[in-house]
There are 4 protein chains.
Amino acid sequence: MKPHENHGDRLSDRLSVEALDALLDLHFPQLRAAGKLIVLETVEADGVHVRLKASDTLLRPGGTVSGPAMFMLADVGIYAAILSIRGEAALQAVTTSLNINFLSRPEPGDLIGRVRLLKVGRRLAVAEVDITAAGGSDLVAHATATYALPPG
Amino acid sequence: MKPHENHGDRLSDRLSVEALDALLDLHFPQLRAAGKLIVLETVEADGVHVRLKASDTLLRPGGTVSGPAMFMLADVGIYAAILSIRGEAALQAVTTSLNINFLSRPEPGDLIGRVRLLKVGRRLAVAEVDITAAGGSDLVAHATATYALPPG
Amino acid sequence: MKPHENHGDRLSDRLSVEALDALLDLHFPQLRAAGKLIVLETVEADGVHVRLKASDTLLRPGGTVSGPAMFMLADVGIYAAILSIRGEAALQAVTTSLNINFLSRPEPGDLIGRVRLLKVGRRLAVAEVDITAAGGSDLVAHATATYALPPG
Amino acid sequence: MKPHENHGDRLSDRLSVEALDALLDLHFPQLRAAGKLIVLETVEADGVHVRLKASDTLLRPGGTVSGPAMFMLADVGIYAAILSIRGEAALQAVTTSLNINFLSRPEPGDLIGRVRLLKVGRRLAVAEVDITAAGGSDLVAHATATYALPPG
């Protein structure tokens, strides 16, 4: 899919990694309070890559990443991907549903979420996320989610 | 559904609220580290009721309960419901998938998760959770999840 | 939940079983072409009950109801439930996502879908469906779906 | 992911397109009764491509492919992908859950389902399916499903 072509967005309108990262700071202050838990790595043509840092103890009981932490990585990653296409007009986007499959237990360490936008429509956006260990290729989890986009 | 009748479990074998709560303490130490975030309220014939306490600041950016916190409430509640039927034999149960719909923005305050077991089979258990504000009747979120049960 | 109270709908505005059934005939001609595959049984305060007839051979390879047939029962049932609240204004509602869990293999015979509306908002409706054998209480399948509602 | 490497399967053990197609004929006789509705196109390293033929009228009310037909394409495609890795040992695999997002209304014509296996474990397999119009690149629908694999 090429979401930005479908909807009149041009690459030149799209936000830089730095601008996106600043928007995430604004929108999810709790992710940054304890140090940056989730970092935007790259912006791709049809999504983004995000990283969950290994340092936080609350998210890693028993040394492994918890389900809620992977949920959060997927949720924040998709939000960032929508902003990368729609810019600040989409700041009020809200998650309406999220489906996650847990596939294998991750090793201790950072996790990478590779977000692919499946649809960015007028009212809804849908995306999927492959979650792997940083440096690994086996899937740890896979999520699909829908966001409602603000009118206008 | 009457899961305990389907699988030879008798009510007299089932765990008390206190015994279940102690198992949750053991299994999810991180839920208890910062004070009890999630409390088991009641054990029903086909599930349990769990409460997410309003006090924790990390889970409530901007005064409202975050998506990951509701994910955790559903996930822990279903785990407790499975233990209420299967007892300690199911301690190694793991979430394989979770689907959550966010329906309305909750008011500040505790949330209640009402877990209903849909199936407790030999290898898989499936349950759903109605999440409301404590004292309210409108749904804030609704989740469905599958757990893989340990063999034997 | 009481969806019609939440949105200014009054019971007196709501469609009768007969009126709803006629709308389903109009909207899903293929369901009726080979005899009525899916029949509206009752309209409840927060949903409807629908029945999948046992007669159709295509839907019942090997004597048991197929997955796609249960998908269709859930999908049509939720559509009917939305119409029961919103009336003809919602005829253009479309399914945006559907999640189904298959819990046990049904005996040959009719299936009943009990639809409960979880939310009927301005832009989205969410509902769940318990599917059982007619006359049975064990769940055969459970579905949750989201419909996008027409603007206005 | 490379499911066959993860689980001791070697490419030389894997089934050919012809052998797989014969197994589908055996397992889903109803798909073939009215002419071949679903055809296996190719077997990939981590999945398969399947095609839903445009000819069947029941599946295409109003000229467009129905939701249940796309459900069936995804379900049969994932089953074929599991057989392509595990062979006849997996014939008794059954769908335990399926989540589908409908993204755009398809043009009349064949649909292609590209199945990617996300995990093929000892007890469960998880896969996703991109559904597009034949010859098109925009997604019409996207599904994720879990199959329970037979023991042994």
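E3(A) and strand E3 (residues 94-102) of chain B run antiparallel and are joined by five bridges, where strands (E, at least two residues) and helices (H or I, at least four residues) are DSSP runs numbered from the N terminus, and two strands pair if DSSP finds at least two bridges between them. Within this pairing, A:Asn101 stands opposite B:Ser97 in E3(B).

## Basis of the values

This is a predicted model, in which local features need pLDDT of at least 70 and side-chain atom pairs count only at pLDDT 80 or more, whereas totals for chains, interfaces and linings use all residues. Residues are numbered from 1 along each chain as its sequence is written, chains are lettered from A and ligands numbered from 1 in the order in which they are written, and side-chain values use heavy atoms, with hydrogens and water left out.

## The interface of chain A and chain B

Chain A and chain B each bring 17 residues to the contact (heavy atoms within 4.5 Å). About 1,600 Å² is buried between them, with 66% given by carbon and sulfur atoms; buried area here is the accessible area (1.4 Å probe) that two parts lose on being put together, summed over both.

On the side of chain A that touches chain B, helix H4 (67-86) and E3 of chain A are the elements giving two or more residues, and E3(A) gives the most, with nine residues.

## The interface of chain A and chain D

The contact between chain A and chain D takes 18 residues from each of the two chains, and about 1,500 Å² is buried, 44% of it on carbon and sulfur atoms. Two salt bridges are found across this interface; A:Arg116 forms a salt bridge with D:Asp130, with the closest N and O atoms 2.9 Å apart.

Four residue pairs are in polar contact across the interface of chain A and chain D (both at pLDDT 80 or more). Strands E3 (94-102), E4 (111-120), E5 (124-133) and E6 (139-148) of chain A each supply at least two residues of the side that touches chain D, and the largest share, four residues, comes from E6(A).

Conventions
Salt bridge = Lys/Arg side-chain N within 4 Å of Asp/Glu carboxyl O. Polar contact = N/O pair within 3.5 Å; in protein donor to acceptor, adjacent residues only side chain to side chain.
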